[in-house]
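Subject: Structure for you to look at

Hi,

Here is the structure I promised to pass on. Please open it and keep it beside you while you read my notes.

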Amino acid sequence: MEGVGVLGVSSSASIVCKRSCSLSYASNKLIQRSKTQLAAFPSHSHLFLKSQTCPLQSKTIARNSTKPGIFLPHLVASLEQVEETYIMVKPDGVQRGLVGEIISRFERKGFKLTGLKLFQCPQELAEEHYKDLKSKPFFPKLIEYITSGPVLCMAWEGVGVVASARKLIGSTNPLQAEPGTIRGDLAVQTGRNVVHGSDSPENGKREIALWFKEGELCQWIPAQAPWLNGVIFHQTITVRHTFVTAVFRLP
């Protein structure tokens, strides 16, 4: 078990705990040790603005304390960059009844679904989506293919989701795709390769904005998130009448 960091220290003198101490986790308890300094850092967010104080020092702290130094939730979030990607089951995938199979691969991986709809793509939208391929000789057939039937539009979110989704999908040519990938298992021709995935975080945002209207995306917190990203918990103890809050992440 690894300690990620210290949230904050409330003190009547300053936001720095001058008493030398450190926190370790053993046998489900926090044990105080000496010779390590704990420091709090000021938060620039309106979240977590209320700090805990010792009842014996509430009046003194109210007079002398500055802004609370709780910041770690922002630090933990910044350590892992969450991306968005656009995944589309193409008309052949929908017609072959592969929608559930493809969705389940991303769900089992642990990514979060934020948008989903079955949609008949108009020609204008298809041309805008594939505008980078407009000079290719196969462009007219590509547009005809994408507009030939309904597609399943999906927006997925997660840490490293763009690159990981590309690996799950496999090579553009299904015959070169690795077994275990979507195209490697479910497709045989490049012109009918079942699924599309954004090739960069920038294109992920652009394509989601292109295929989804405002209000069609849903932001939510999956119940399984702690089991995928590591359980984060906090413990508050008293160090010589000063409350210290620490946060730990299970490896």
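Among contacts in the protein chain between residues at least 6 apart in sequence, what percentage join residues at least 24 apart? It is 73%. Keep in mind that this is a predicted model.

First, the whole chain. It has ten helices and eleven strands. Of its 251 residues, 41% are buried. The chain exposes about 14,900 Å². Carbon and sulfur atoms supply 54% of that area.

Now find the open sheet of four strands. Its order is β7-β8-β6-β9, and the pairing is antiparallel.

As a reminder, strands of a sheet pair through backbone hydrogen bonds, either parallel or antiparallel.

Next, look at one pair. Strand β6 covers residues 82-89 and pairs with β9 in the antiparallel sense. Three bridges join β6 and β9. To see a bridge, go to Ile-87. Its bridge partner in β9 is Gly-197.

Last, which helix lies across β6, β7, β8 and β9? That is α9, residues 201-211. Strand β8 spans 150-159. Helix α9 runs at about 55 degrees to β6.

Best wishes

Conventions: Residues numbered from 1 in each chain as written. Predicted model: local features only at pLDDT ≥ 70, side-chain atom pairs only at ≥ 80, totals over all residues. Heavy atoms only, no water. Pairing = 2+ DSSP bridges. Helix = DSSP H or I, 4+ residues; strand = E, 2+ residues; numbered from the N terminus. Contact = heavy atoms within 4.5 Å. Axes fitted to C-alpha atoms, helices over the stretch in contact; angles between N-to-C directions. Buried < 20%, exposed > 50% of the residue type's maximum accessible area, 1.4 Å probe, protein only. Areas by Shrake-Rupley, 256 points an atom, 1.4 Å probe, with all protein chains shown as cover.
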